[in-house]
Amino acid sequence: MNNNNPLKQNNPKLPFLKCTSGAVAISMAIMLPAIFTCMAFSINQAYTMRHRAKLSEATNEASLAVIAIDNKNVDDDAKKQNRKIALNYINYFITKKIGNESQTDENLLESGAQINVDYDEDRKEYYIAYNQQFDELTKNGYSDEQKPQSVVVSSKTESYGNTRKYQNHDSIDFAFISDFSASSTCLYSDTNCNDYSPNNSAQRRLDYMKAAIVDVVKEYEKYSEYQFALVPYDIGVPVESQTKNAAGGKNYGCSVMYKMNQVWDSINYNFWANKNIAYTHWRKLKRDNVIQDYTNISNYFPKHRKLANYYMDYSYYNYYSQLIGPALNSDPDNISNMQVLKEKGLCYERTDLWDRLENGQAQWACGTDRSDHPEKNTYEINKNYGNLVQLFDYMFSKDYDKVHYSFANTITVDVKGTINTLFSEMNENIITFERPIAPVVAEFSPFMGMCQAPLYSNNIMNKEIIDAKKVTDVAYSNIGKGKFVANFESAPHLIPFSDNAEHNRDLLNSIQKANWMPGGGTDTITALLRTVPVMAEGKGNNKVMIIISDGKDDPGADVLRDIFLDEGVCQAITAGLRSKDNFDNGYIAKLAKSAIIYYIKLTPNAGNLTTNDQYEAEFGKWFTKCMNGNSMFLMEARDRKSLTDVISKIIEIETGKFIKKTE
């Protein structure tokens, strides 16, 4: 054999393990399956860990929901309720869908899942354990005949799904948004009543609402970390005034918080609050085609300017002669009311003919020393008189079916603008006017429908006036003799949070000594919005707003309410109180950890509700829009005890905390 062949010399036979081309191919053939197997295992492990994290978080949320109900697993129905609540929360957080509440908890369980809710009565602790099967993400390694294996993922009961009922020492601001409309004087057992009924003694919705608030504040006043506020409302929220009326009694204001549409945003509502705008006269002129548009005053106002002066002046005269004079007159049998008013410098007798021709035909001119007297405000009158006539037409003509007895209504309010500027333009959007201490008639105020509750509580308004449907001379005489104007107290009124260490005690004293007699209409969305600045000024880490109402908003007010709820006003309020940007900008005093709205309906009709349709029928868009279909924020009360229990339950809802089982 010739070993000197060059070809053979250049290509010697090598052992197999030294063959570089074959080694790569065979090595990869051995390694790739192992690599893919490891990758599949890692992916499945990561997938499983992801599911475990999601499940643990879902179980945490479910445990807080269960402790909010706090039924203590007292019987089988309670256990089923806890399981169903927990499953609804878990299903939502894992699959982003909520099961049908009419289904049983077994039907809500995912395939291969198990749930258990235990309660330790001694420790007041709930323990939720949940496991669910998840298919592996990869199917590598299985033949076509084999099904992929399921992995059981469970929450670890030592660290997840455990809550304890304890007294929360985190600071919380609670605001009672309380309905003071006429219907709150109805018997609480009369679900059909929506009228003023003053003689029901302790059977009124008002009385058990007051008693329940007192019960709750007494129970929790010793906890300095809890602060309470009161936001009473009818159509508007009455607020305390630091001024006194001409007879020496207190004044009070009426407040709302809205961004108004153009035209209506430039009106000085405080100036117009005690003016007689002679609406019936202008309405007649419009019917006679003398006026086509109330707001276009250039067509008619110059010719009737003096008439406008006369009406406003005569209203001042009547107010002082029929209300202030009798309130100041200590000897009405021997001294005339006008003589008393003259001696006090509140009225003077007109002797100048020019004065009568230009400013008023009444013999006496009264209140001319006031800064809001018409003679001192010709610019505002010339600018907005026609707008006020149109505004009154909106409120009281009954030609508009979607407005109510408030200057803030579906026509005048900028809904989206209000929501967008809830915090950024809070101060600018608060509108407060001084409410005349007078019976509810247009002669004394074009805003007569707003904030009436203090007038009823101070006997300025009463059953006699309501039944007569007008204010008679006898009624005026009774108001004068009773010194109701001179002794007027601004109650009820908004009581905000404060830095006073005795705040809760002061609030309690104010409520207990109050002689509440509600009156007027119902406008709940106005009250909720006016609560925003109250909550924004509170120093608590958590914010809880509790609406207490019979739920019967006035026609028109209910339309405005639903528009706001559709636009997400509840979410804007709660999110705004938790907004770091709002805190950084100084719009809120404290960045809230949580902010929640509850609605308590004062009627037995709201009890025993089980389905979403039933909740929607009873609570409307408070359920579907404000609470996002979550019924745990909607409750009912039918007497003092049930209302006290419901409010206490709400307070306790804020006291759940995750614990470790070893704690």
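Predicted model: local features only at pLDDT ≥ 70, side-chain atom pairs only at ≥ 80, totals over all residues.
1. Let's start with helix 7, residues 279-287, where Tyr279, Trp282, Arg283 and Leu285 are the buried ones. Buried here means under 20% relative accessible area, exposed over 50%, and partly exposed in between, with a 1.4 Å probe and protein chains only.

2. Residues are numbered from 1 along each chain as its sequence is written, and side-chain values use heavy atoms, with hydrogens and water left out.

3. Back to helix 7: Thr280, Lys284 and Arg287 are exposed on its other side. Its buried residues pack against helix 8 (301-328) and helix 11. After helix 7 comes asparagine 289, with a positive phi near 65 degrees.

4. For the whole chain, I get 24 helices and 15 strands; these are DSSP runs numbered from the N terminus, helices being H or I with at least four residues and strands E with at least two. Of the 663 residues, 52% count as buried. Among contacts with a separation of 6 or more, 72% are between residues 24 or more positions apart, a contact being heavy atoms within 4.5 Å.

5. The largest nonpolar core has 184 residues, and Tyr385, Phe407, Phe447 and Trp622 have the most contacts inside it. Helix 8 gives the largest share of this core, ten residues. Such a core is a set of buried Ala, Val, Leu, Ile, Met, Phe, Trp, Tyr and Cys residues joined through side-chain atoms within 4.5 Å. Leaving aside neighbours within four places in sequence, the contacts of tryptophan 622 include Ile525, Leu528, Arg561 and Tyr599.

6. Do look at the second largest pocket, which is lined by 36 residues, with Tyr405, Gln452, Tyr456, Gly520 and Gly521 nearest its centre. On a 1 Å grid over the protein atoms alone, a pocket is an open set of points where a 1.4 Å probe fits, with protein on both sides within 12 Å along at least five of seven lines; lining residues have an atom within 4 Å of a point. Helix 11 (378-396) and helix 15 (463-468) each supply at least two lining residues, and helix 11 has the largest share, three residues.
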